[in-house]
Amino acid sequence: MKIAVIGTGYVGLVTGVALAEIGHTVTCIDIDSDKVKTLNHGIPTIYEPGLGEMMQRNMQNARLFFTADYARGLDRARVVYLAVGTPERPDGSANLDYVRQAARDLAAHISHPLIVVIKSTVPVGTNYKIQRLINRLVPEDMRVTIASNPEFLREGSAIHDTFHGDRIVIGTDNPAAAEVLEEINRPFGLPILHTDICSSEMIKYASNAFLATKISFINEIANLCEKLGADVEEVAQGMGLDHRIGPDFLKAGIGYGGSCFPKDTHALVQLAGNHHHDFNLLKSVIEVNRQQQRLLLEKIENRLGGDLAGKRLAVLGLAFKPNTDDMRESPALVMVPELAKRGADLIAYDPIASGRAEQLLGQVAVFTNHVDEALREADCAVILTDWPDIRKMEPETYKRLMKHAIVFDGRNCYSPNEMRRAGIDYYSIGRPN
Ligand code: UGA
(Lines give C-alpha, C1' and ligand atoms only; values in the text may rest on other atoms or scores of the structure.)
Protein backbone atom coordinates (compact mmCIF):
# COMPACT_ATOMS: atom_id res chain seq x y z
CA MET A 1 0.00 0.00 0.00
CA LYS A 2 1.21 3.54 -0.66
CA ILE A 3 1.67 5.43 2.59
CA ALA A 4 2.92 8.90 3.53
CA VAL A 5 4.41 9.76 6.92
CA ILE A 6 4.54 13.40 8.00
CA GLY A 7 7.43 14.15 10.37
CA THR A 8 10.78 12.36 10.41
CA GLY A 9 11.48 12.73 14.10
CA TYR A 10 11.91 9.69 16.25
CA VAL A 11 8.44 8.20 15.85
CA GLY A 12 7.96 9.23 12.22
CA LEU A 13 11.28 7.87 10.98
CA VAL A 14 10.95 4.54 12.78
CA THR A 15 7.33 4.21 11.60
CA GLY A 16 8.26 4.96 7.98
CA VAL A 17 11.18 2.54 7.94
CA ALA A 18 9.18 -0.23 9.63
CA LEU A 19 6.20 0.15 7.26
CA ALA A 20 8.59 -0.06 4.29
CA GLU A 21 10.24 -3.13 5.81
CA ILE A 22 6.92 -5.00 5.87
CA GLY A 23 6.37 -4.27 2.20
CA HIS A 24 4.57 -0.93 1.89
CA THR A 25 5.78 1.94 -0.28
CA VAL A 26 6.44 4.82 2.08
CA THR A 27 7.29 8.46 1.52
CA CYS A 28 8.36 10.40 4.58
CA ILE A 29 7.67 14.12 4.42
CA ASP A 30 9.51 16.70 6.51
CA ILE A 31 9.54 20.48 6.21
CA ASP A 32 13.23 20.51 7.24
CA SER A 33 14.95 20.14 3.87
CA ASP A 34 18.42 19.67 5.42
CA LYS A 35 17.09 16.69 7.31
CA VAL A 36 15.52 15.32 4.14
CA LYS A 37 18.86 15.72 2.35
CA THR A 38 20.68 13.75 5.08
CA LEU A 39 18.02 11.02 5.04
CA ASN A 40 18.19 10.81 1.25
CA HIS A 41 21.89 10.00 1.66
CA GLY A 42 20.83 7.01 3.72
CA ILE A 43 22.00 8.59 6.99
CA PRO A 44 19.55 8.30 9.91
CA THR A 45 19.06 11.58 11.81
CA ILE A 46 18.62 9.78 15.15
CA TYR A 47 20.78 7.20 16.90
CA GLU A 48 18.88 3.94 17.00
CA PRO A 49 20.50 0.48 16.80
CA GLY A 50 19.63 -1.31 13.53
CA LEU A 51 17.72 1.62 12.02
CA GLY A 52 20.39 2.69 9.49
CA GLU A 53 20.70 -0.75 7.85
CA MET A 54 16.95 -1.21 7.60
CA MET A 55 16.53 2.29 6.20
CA GLN A 56 19.23 1.83 3.54
CA ARG A 57 17.91 -1.59 2.51
CA ASN A 58 14.41 -0.24 1.91
CA MET A 59 15.70 2.82 0.07
CA GLN A 60 17.68 0.54 -2.25
CA ASN A 61 14.56 -1.56 -2.82
CA ALA A 62 12.65 1.62 -3.80
CA ARG A 63 10.14 1.25 -0.98
CA LEU A 64 11.28 4.20 1.13
CA PHE A 65 11.56 7.84 0.03
CA PHE A 66 12.11 11.18 1.72
CA THR A 67 10.87 14.56 0.53
CA ALA A 68 10.17 18.09 1.73
CA ASP A 69 7.47 18.41 -0.94
CA TYR A 70 3.99 17.61 0.39
CA ALA A 71 2.44 17.19 -3.06
CA ARG A 72 5.06 14.61 -4.02
CA GLY A 73 4.83 12.79 -0.72
CA LEU A 74 1.03 12.59 -0.80
CA ASP A 75 0.81 11.55 -4.44
CA ARG A 76 -1.42 8.44 -4.63
CA ALA A 77 -1.02 7.78 -0.88
CA ARG A 78 -4.06 6.05 0.59
CA VAL A 79 -3.06 6.60 4.19
CA VAL A 80 -1.04 9.37 5.79
CA TYR A 81 0.50 9.10 9.24
CA LEU A 82 0.97 12.26 11.32
CA ALA A 83 4.01 11.77 13.51
CA VAL A 84 5.16 15.20 14.61
CA GLY A 85 6.22 16.18 18.11
CA THR A 86 3.90 17.24 20.93
CA PRO A 87 6.40 18.86 23.33
CA GLU A 88 5.53 20.01 26.81
CA ARG A 89 4.27 23.57 27.34
CA PRO A 90 5.50 25.46 30.42
CA ASP A 91 2.22 24.59 32.21
CA GLY A 92 2.73 20.87 31.54
CA SER A 93 0.11 20.53 28.82
CA ALA A 94 0.91 19.10 25.38
CA ASN A 95 1.79 21.66 22.73
CA LEU A 96 -0.24 20.78 19.64
CA ASP A 97 1.12 23.54 17.39
CA TYR A 98 3.15 21.12 15.24
CA VAL A 99 0.22 18.73 14.87
CA ARG A 100 -2.10 21.57 13.81
CA GLN A 101 0.47 22.99 11.40
CA ALA A 102 1.08 19.58 9.84
CA ALA A 103 -2.70 19.11 9.53
CA ARG A 104 -3.02 22.50 7.77
CA ASP A 105 -0.11 21.71 5.43
CA LEU A 106 -1.70 18.36 4.69
CA ALA A 107 -5.10 19.95 4.00
CA ALA A 108 -3.48 22.42 1.59
CA HIS A 109 -2.12 19.56 -0.51
CA ILE A 110 -4.91 16.99 -0.42
CA SER A 111 -6.01 15.95 -3.90
CA HIS A 112 -7.98 12.81 -3.00
CA PRO A 113 -9.74 11.46 0.15
CA LEU A 114 -7.36 9.95 2.67
CA ILE A 115 -7.21 8.14 5.97
CA VAL A 116 -5.22 10.27 8.42
CA VAL A 117 -3.58 8.28 11.20
CA ILE A 118 -2.37 10.19 14.25
CA LYS A 119 0.75 8.55 15.69
CA SER A 120 1.78 11.53 17.82
CA THR A 121 0.86 11.32 21.50
CA VAL A 122 -2.08 13.69 21.78
CA PRO A 123 -4.59 14.51 24.55
CA VAL A 124 -7.87 12.66 24.44
CA GLY A 125 -10.20 14.36 21.95
CA THR A 126 -7.43 15.73 19.69
CA ASN A 127 -8.05 13.28 16.84
CA TYR A 128 -11.57 14.64 16.42
CA LYS A 129 -10.28 18.22 16.52
CA ILE A 130 -7.70 17.49 13.81
CA GLN A 131 -10.32 15.76 11.66
CA ARG A 132 -12.55 18.85 11.94
CA LEU A 133 -9.62 21.18 11.23
CA ILE A 134 -8.68 19.36 8.02
CA ASN A 135 -12.23 18.84 6.81
CA ARG A 136 -13.06 22.52 7.24
CA LEU A 137 -10.17 23.34 4.88
CA VAL A 138 -10.83 20.82 2.09
CA PRO A 139 -13.69 20.45 -0.41
CA GLU A 140 -16.50 18.10 0.61
CA ASP A 141 -15.37 15.27 -1.68
CA MET A 142 -11.85 15.32 -0.22
CA ARG A 143 -12.85 14.85 3.41
CA VAL A 144 -10.53 12.70 5.48
CA THR A 145 -11.23 9.91 7.95
CA ILE A 146 -9.21 9.99 11.15
CA ALA A 147 -7.70 7.11 13.12
CA SER A 148 -5.58 6.99 16.26
CA ASN A 149 -2.66 4.57 16.29
CA PRO A 150 -0.43 5.31 19.28
CA GLU A 151 3.20 4.33 19.40
CA PHE A 152 4.60 2.09 22.15
CA LEU A 153 8.24 1.91 21.04
CA ARG A 154 11.09 2.44 23.43
CA GLU A 155 14.08 4.48 22.32
CA GLY A 156 17.14 2.32 21.95
CA SER A 157 15.11 -0.77 21.10
CA ALA A 158 12.67 0.71 18.61
CA ILE A 159 13.38 -1.78 15.82
CA HIS A 160 13.08 -4.75 18.15
CA ASP A 161 9.89 -3.35 19.70
CA THR A 162 8.33 -2.73 16.28
CA PHE A 163 8.50 -6.38 15.39
CA HIS A 164 8.04 -7.84 18.90
CA GLY A 165 5.63 -5.37 20.50
CA ASP A 166 2.78 -6.54 22.71
CA ARG A 167 -0.02 -4.93 20.73
CA ILE A 168 -1.03 -2.52 18.01
CA VAL A 169 -3.91 -0.23 18.95
CA ILE A 170 -6.17 1.14 16.23
CA GLY A 171 -8.83 3.63 17.29
CA THR A 172 -11.36 4.72 14.71
CA ASP A 173 -15.12 5.11 14.35
CA ASN A 174 -14.99 4.18 10.69
CA PRO A 175 -15.13 0.40 9.96
CA ALA A 176 -13.61 0.80 6.48
CA ALA A 177 -10.63 2.70 7.92
CA ALA A 178 -10.26 0.07 10.64
CA GLU A 179 -10.08 -2.58 7.92
CA VAL A 180 -7.42 -0.68 5.92
CA LEU A 181 -5.28 -0.16 9.02
CA GLU A 182 -5.63 -3.80 9.98
CA GLU A 183 -4.41 -4.74 6.49
CA ILE A 184 -1.43 -2.36 6.78
CA ASN A 185 -0.40 -3.70 10.17
CA ARG A 186 -1.12 -7.42 9.68
CA PRO A 187 2.42 -8.27 8.42
CA PHE A 188 3.84 -7.23 11.82
CA GLY A 189 2.16 -10.38 13.15
CA LEU A 190 1.23 -8.69 16.45
CA PRO A 191 -2.11 -8.67 18.30
CA ILE A 192 -4.30 -5.83 17.04
CA LEU A 193 -6.80 -4.13 19.32
CA HIS A 194 -9.58 -2.07 17.77
CA THR A 195 -11.08 0.67 19.96
CA ASP A 196 -12.92 3.95 19.64
CA ILE A 197 -10.79 7.04 19.09
CA CYS A 198 -10.83 8.48 22.63
CA SER A 199 -9.97 5.13 24.23
CA SER A 200 -7.04 4.68 21.88
CA GLU A 201 -5.72 8.13 22.77
CA MET A 202 -6.17 7.33 26.46
CA ILE A 203 -4.43 3.93 26.19
CA LYS A 204 -1.23 5.72 25.27
CA TYR A 205 -1.30 8.15 28.23
CA ALA A 206 -2.54 5.54 30.69
CA SER A 207 0.20 3.07 29.65
CA ASN A 208 3.02 5.59 30.07
CA ALA A 209 1.55 6.90 33.34
CA PHE A 210 1.24 3.35 34.68
CA LEU A 211 4.84 2.47 33.76
CA ALA A 212 6.04 5.70 35.41
CA THR A 213 3.98 4.72 38.47
CA LYS A 214 5.71 1.34 38.64
CA ILE A 215 9.11 3.06 38.57
CA SER A 216 8.23 5.63 41.25
CA PHE A 217 6.65 2.90 43.36
CA ILE A 218 9.76 0.72 43.32
CA ASN A 219 11.91 3.80 43.98
CA GLU A 220 9.86 4.56 47.10
CA ILE A 221 10.23 0.93 48.18
CA ALA A 222 13.99 1.25 47.54
CA ASN A 223 14.18 4.33 49.75
CA LEU A 224 12.38 2.42 52.48
CA CYS A 225 14.61 -0.64 51.98
CA GLU A 226 17.63 1.56 52.70
CA LYS A 227 16.12 2.53 56.04
CA LEU A 228 15.06 -1.01 56.96
CA GLY A 229 18.03 -3.02 55.71
CA ALA A 230 16.18 -4.84 52.88
CA ASP A 231 17.48 -5.22 49.32
CA VAL A 232 15.22 -3.69 46.64
CA GLU A 233 16.58 -5.98 43.90
CA GLU A 234 15.41 -9.02 45.84
CA VAL A 235 12.13 -7.34 46.71
CA ALA A 236 11.50 -6.49 43.02
CA GLN A 237 12.35 -10.04 42.01
CA GLY A 238 9.95 -11.44 44.57
CA MET A 239 7.20 -9.03 43.53
CA GLY A 240 7.77 -9.60 39.83
CA LEU A 241 7.24 -13.34 40.10
CA ASP A 242 3.58 -12.60 40.76
CA HIS A 243 2.25 -12.53 37.20
CA ARG A 244 -0.31 -9.90 38.21
CA ILE A 245 2.59 -7.55 38.95
CA GLY A 246 5.19 -8.69 36.38
CA PRO A 247 8.97 -8.20 36.57
CA ASP A 248 9.34 -5.25 34.17
CA PHE A 249 9.79 -1.61 35.13
CA LEU A 250 10.64 -2.50 38.71
CA LYS A 251 14.24 -1.41 38.43
CA ALA A 252 14.99 1.08 41.16
CA GLY A 253 17.36 3.91 40.34
CA ILE A 254 17.72 7.62 39.91
CA GLY A 255 14.28 7.94 38.34
CA TYR A 256 12.81 8.02 34.87
CA GLY A 257 13.71 10.57 32.20
CA GLY A 258 13.40 10.82 28.44
CA SER A 259 11.05 12.51 26.06
CA CYS A 260 7.95 10.54 27.04
CA PHE A 261 7.30 9.71 30.71
CA PRO A 262 7.95 13.22 32.12
CA LYS A 263 6.00 14.91 29.31
CA ASP A 264 3.10 12.46 29.23
CA THR A 265 2.60 12.30 33.00
CA HIS A 266 2.50 16.09 33.15
CA ALA A 267 0.08 16.23 30.21
CA LEU A 268 -2.26 13.70 31.82
CA VAL A 269 -2.28 15.63 35.11
CA GLN A 270 -3.12 18.78 33.11
CA LEU A 271 -5.79 17.04 31.07
CA ALA A 272 -7.38 15.67 34.24
CA GLY A 273 -7.24 19.13 35.83
CA ASN A 274 -8.97 20.66 32.81
CA HIS A 275 -11.83 18.28 33.50
CA HIS A 276 -11.91 19.08 37.26
CA HIS A 277 -10.23 15.82 38.20
CA ASP A 278 -7.32 16.01 40.61
CA PHE A 279 -5.01 13.15 39.59
CA ASN A 280 -3.27 12.93 42.97
CA LEU A 281 -1.68 9.55 42.40
CA LEU A 282 0.09 10.72 39.26
CA LYS A 283 1.16 13.98 40.91
CA SER A 284 2.90 11.89 43.60
CA VAL A 285 4.57 9.73 40.95
CA ILE A 286 6.03 12.89 39.41
CA GLU A 287 7.16 14.24 42.79
CA VAL A 288 8.79 10.94 43.83
CA ASN A 289 10.68 10.96 40.54
CA ARG A 290 11.95 14.48 41.20
CA GLN A 291 13.01 13.59 44.74
CA GLN A 292 15.03 10.60 43.58
CA GLN A 293 17.78 12.84 42.19
CA ARG A 294 17.80 14.94 45.38
CA LEU A 295 18.29 11.80 47.46
CA LEU A 296 21.36 10.78 45.47
CA LEU A 297 22.78 14.27 45.87
CA GLU A 298 22.18 14.03 49.62
CA LYS A 299 24.00 10.70 49.76
CA ILE A 300 26.99 12.22 47.99
CA GLU A 301 26.97 15.22 50.35
CA ASN A 302 26.68 12.99 53.42
CA ARG A 303 29.73 11.03 52.33
CA LEU A 304 31.91 13.79 50.88
CA GLY A 305 30.58 16.89 52.63
CA GLY A 306 28.58 19.72 51.06
CA ASP A 307 31.63 21.48 49.69
CA LEU A 308 33.04 19.52 46.78
CA ALA A 309 35.65 22.18 45.89
CA GLY A 310 38.92 20.63 44.76
CA LYS A 311 37.32 17.19 44.39
CA ARG A 312 37.45 15.50 41.02
CA LEU A 313 34.17 13.76 40.25
CA ALA A 314 33.60 11.36 37.38
CA VAL A 315 30.03 11.28 36.06
CA LEU A 316 29.40 8.05 34.16
CA GLY A 317 26.53 8.12 31.68
CA LEU A 318 24.68 11.22 30.47
CA ALA A 319 21.90 9.98 28.15
CA PHE A 320 18.55 9.35 29.85
CA LYS A 321 19.07 5.62 29.31
CA PRO A 322 21.50 3.34 27.42
CA ASN A 323 21.55 2.89 23.62
CA THR A 324 20.45 6.41 22.85
CA ASP A 325 22.08 9.82 22.59
CA ASP A 326 18.87 11.43 23.82
CA MET A 327 19.46 13.85 26.67
CA ARG A 328 15.86 14.99 27.08
CA GLU A 329 14.87 15.07 30.76
CA SER A 330 17.98 13.07 31.54
CA PRO A 331 18.87 13.00 35.26
CA ALA A 332 22.31 14.25 34.17
CA LEU A 333 20.78 17.62 33.26
CA VAL A 334 20.00 18.13 36.95
CA MET A 335 22.84 16.18 38.57
CA VAL A 336 25.76 17.68 36.62
CA PRO A 337 24.85 21.36 37.32
CA GLU A 338 24.03 20.54 40.97
CA LEU A 339 27.41 18.86 41.48
CA ALA A 340 29.12 21.76 39.70
CA LYS A 341 27.31 24.21 41.99
CA ARG A 342 28.91 22.45 44.96
CA GLY A 343 32.33 23.22 43.50
CA ALA A 344 33.31 19.79 42.10
CA ASP A 345 35.69 19.44 39.15
CA LEU A 346 33.55 17.32 36.87
CA ILE A 347 34.58 15.02 34.09
CA ALA A 348 31.56 13.50 32.43
CA TYR A 349 31.56 10.38 30.28
CA ASP A 350 29.05 9.00 27.81
CA PRO A 351 29.91 6.72 24.88
CA ILE A 352 27.42 8.41 22.52
CA ALA A 353 25.84 11.46 24.16
CA SER A 354 28.89 13.34 25.44
CA GLY A 355 28.86 15.79 22.48
CA ARG A 356 25.18 16.53 22.86
CA ALA A 357 25.58 16.84 26.63
CA GLU A 358 28.40 19.34 26.15
CA GLN A 359 26.15 21.50 23.94
CA LEU A 360 23.46 21.47 26.61
CA LEU A 361 25.55 21.73 29.75
CA GLY A 362 28.42 23.84 28.44
CA GLN A 363 31.34 24.77 30.67
CA VAL A 364 30.25 23.10 33.91
CA ALA A 365 32.16 19.91 33.12
CA VAL A 366 34.77 18.40 30.82
CA PHE A 367 33.13 15.85 28.51
CA THR A 368 34.66 12.66 27.17
CA ASN A 369 33.70 9.46 25.44
CA HIS A 370 36.49 7.49 27.13
CA VAL A 371 35.53 6.03 30.45
CA ASP A 372 39.15 5.61 31.57
CA GLU A 373 39.77 9.31 31.06
CA ALA A 374 36.81 10.14 33.31
CA LEU A 375 37.87 7.79 36.09
CA ARG A 376 41.58 8.56 36.12
CA GLU A 377 42.57 10.21 39.43
CA ALA A 378 38.89 10.83 40.35
CA ASP A 379 37.94 11.20 44.00
CA CYS A 380 34.50 9.80 43.35
CA ALA A 381 32.37 8.35 40.53
CA VAL A 382 28.63 8.85 40.07
CA ILE A 383 26.84 6.46 37.70
CA LEU A 384 23.77 7.98 36.01
CA THR A 385 23.19 5.71 32.98
CA ASP A 386 23.64 1.95 32.91
CA TRP A 387 25.42 1.66 29.57
CA PRO A 388 26.50 -1.96 28.90
CA ASP A 389 30.20 -0.98 28.97
CA ILE A 390 29.71 0.54 32.44
CA ARG A 391 27.84 -2.56 33.65
CA LYS A 392 30.57 -4.81 32.28
CA MET A 393 33.42 -2.88 33.87
CA GLU A 394 35.36 -4.87 36.45
CA PRO A 395 35.34 -3.40 39.97
CA GLU A 396 39.15 -3.50 39.81
CA THR A 397 39.05 -0.84 37.07
CA TYR A 398 37.67 1.70 39.55
CA LYS A 399 40.27 0.68 42.07
CA ARG A 400 43.10 0.93 39.57
CA LEU A 401 42.16 4.26 37.98
CA MET A 402 40.63 6.34 40.74
CA LYS A 403 42.43 8.27 43.43
CA HIS A 404 39.75 7.33 45.94
CA ALA A 405 37.51 4.43 44.96
CA ILE A 406 34.17 5.89 46.07
CA VAL A 407 31.28 5.00 43.75
CA PHE A 408 27.67 6.23 43.85
CA ASP A 409 25.64 4.03 41.57
CA GLY A 410 22.29 5.53 40.52
CA ARG A 411 21.47 2.43 38.43
CA ASN A 412 22.47 -0.52 40.63
CA CYS A 413 24.98 -1.82 38.07
CA TYR A 414 27.07 -3.95 40.43
CA SER A 415 26.79 -6.38 43.28
CA PRO A 416 27.52 -4.52 46.52
CA ASN A 417 29.41 -7.57 47.82
CA GLU A 418 31.73 -7.69 44.83
CA MET A 419 32.40 -3.97 45.04
CA ARG A 420 33.15 -4.26 48.74
CA ARG A 421 35.48 -7.20 48.13
CA ALA A 422 37.34 -5.09 45.56
CA GLY A 423 37.84 -2.45 48.26
CA ILE A 424 35.41 0.08 46.83
CA ASP A 425 33.31 2.36 48.97
CA TYR A 426 30.08 1.67 47.11
CA TYR A 427 26.63 3.25 47.48
CA SER A 428 23.69 2.14 45.37
CA ILE A 429 19.89 2.54 45.49
CA GLY A 430 17.83 0.54 47.97
CA ARG A 431 20.45 -2.06 48.84
CA PRO A 432 22.53 -2.54 51.95
CA ASN A 433 25.96 -0.93 51.47
C1 UGA B 1 8.67 4.90 26.98
C2 UGA B 1 7.76 3.65 26.98
O3 UGA B 1 8.46 2.55 27.57
C4 UGA B 1 7.35 3.26 25.56
O5 UGA B 1 6.42 2.18 25.61
C6 UGA B 1 6.69 4.48 24.90
O7 UGA B 1 6.34 4.21 23.55
C8 UGA B 1 7.65 5.66 24.92
O9 UGA B 1 7.99 5.96 26.30
C10 UGA B 1 6.94 6.83 24.28
O11 UGA B 1 5.92 7.27 24.83
O12 UGA B 1 7.32 7.22 23.18
P13 UGA B 1 11.26 5.37 26.48
O14 UGA B 1 11.02 6.73 27.08
O15 UGA B 1 11.98 5.27 25.19
O16 UGA B 1 9.88 4.57 26.29
O17 UGA B 1 12.15 4.59 27.53
P18 UGA B 1 11.96 3.48 28.65
O19 UGA B 1 12.81 2.33 28.31
O20 UGA B 1 10.55 3.21 28.91
O21 UGA B 1 12.62 4.22 29.89
C22 UGA B 1 12.10 5.44 30.41
C23 UGA B 1 12.85 5.84 31.63
O24 UGA B 1 12.51 5.00 32.73
C25 UGA B 1 14.37 5.76 31.51
O26 UGA B 1 14.93 6.91 32.12
C27 UGA B 1 14.74 4.52 32.29
O28 UGA B 1 16.03 4.57 32.83
C29 UGA B 1 13.67 4.52 33.38
N30 UGA B 1 13.38 3.20 33.95
C31 UGA B 1 12.80 2.24 33.18
C32 UGA B 1 13.65 2.96 35.27
O33 UGA B 1 14.16 3.84 36.01
N34 UGA B 1 13.33 1.74 35.82
C35 UGA B 1 12.77 0.76 35.07
O36 UGA B 1 12.49 -0.33 35.63
C37 UGA B 1 12.50 1.01 33.72
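Trainee: How is the protein chain divided?

Mentor: The model is predicted. The protein chain has domain 1, covering 2-195, and domain 2, covering 197-433.

Trainee: What distance separates the centres of the two?

Mentor: Taken over C-alpha atoms, the centres of domain 1 and domain 2 are 32 Å apart.

Trainee: And how many residues are in contact between them?

Mentor: Domain 1 puts 29 residues in contact with 24 residues of domain 2.

Trainee: Which elements of domain 1 give two or more residues to that side?

Mentor: Helix 6 (126-137), strand 6 (145-148) and strand 7 (168-171). By class, the side of domain 1 that touches domain 2 has 13 nonpolar, twelve polar and four charged residues.

Trainee: Now the ligand. Where does it lie, and why do you say so?

Mentor: The ligand lies between domain 1 and domain 2, because both give residues to the shell around it.

Trainee: How many residues surround it, and which are the closest?

Mentor: There are 20 residues around the ligand, and the closest are Glu155, Lys251, Tyr256, Gly258 and Cys260.

Trainee: Which helix gives the most to that shell?

Mentor: Helix 9, residues 197-228, gives the most, with three residues. As for class, the shell holds ten nonpolar, five polar and five charged residues.

Trainee: Change of topic. What is the strand order in the open sheet of six strands?

Mentor: The order is 11-10-9-12-13-14, and the pairing is parallel. From one strand to the next, the twist averages 20°.

Trainee: Which strands stand at the edges?

Mentor: Strand 11 (366-368) and strand 14 (425-427). Each has a single partner strand, so one side of each is left without a neighbour in the sheet.

Trainee: What holds paired strands together in general?

Mentor: Strands of a sheet pair through backbone hydrogen bonds.

Trainee: How many bridges join strand 10 to strand 11?

Mentor: Three bridges join strand 11 to strand 10, which covers residues 345-349. In one of the pairs, Ile347 has Val366 of strand 11 as its bridge partner.

Trainee: And how many between strand 9 and strand 10?

Mentor: Five bridges join them, with strand 9 being residues 312-316, and the two run parallel. Arg312 stands opposite Asp345 in strand 10.

Trainee: Is strand 10 mostly covered or mostly open?

Mentor: Strand 10 is mostly covered, with four of its five residues buried.

Trainee: Which helix lies across strand 10 and strand 11?

Mentor: Helix 14, residues 354-361, lies across both and runs at about 165° to strand 11.

Trainee: What about Glu373, where is that found?

Mentor: Glu373 is in helix 15, residues 371-375. The C-alpha atoms of Glu373 and Ala314 are 9.1 Å apart, while the two residues are 59 residues apart along the chain.

Trainee: Why is Glu373 called partly exposed?

Mentor: Glu373 has 13 other C-beta atoms within 10 Å, so it counts as partly exposed. The cut-offs are 20 or more for buried and 12 or fewer for exposed.

Trainee: Last one: where is Thr45?

Mentor: Thr45 is in the loop between helix 2 (33-40) and helix 3 (51-60). With 18 other C-beta atoms within 10 Å, Thr45 is partly exposed.

Trainee: Which residues does Thr45 touch?

Mentor: Leaving out residues up to four places away in sequence, Thr45 touches Thr8, Leu13, Lys35, Thr38 and Leu39. Lys2 is 43 residues from Thr45 in sequence, and their C-alpha atoms are 23 Å apart.

Notes:
Residues numbered from 1 in each chain as written. Predicted model: local features only at pLDDT ≥ 70, side-chain atom pairs only at ≥ 80, totals over all residues. Domains from an automatic or database assignment. Contact = placed C-beta atoms within 7 Å. Nonpolar A, V, L, I, M, F, W, Y, C, P; charged D, E, K, R; others polar. Near = placed C-beta within 6 Å. Pairing = 2+ DSSP bridges. Axes fitted to C-alpha atoms, helices over the stretch in contact; angles between N-to-C directions.
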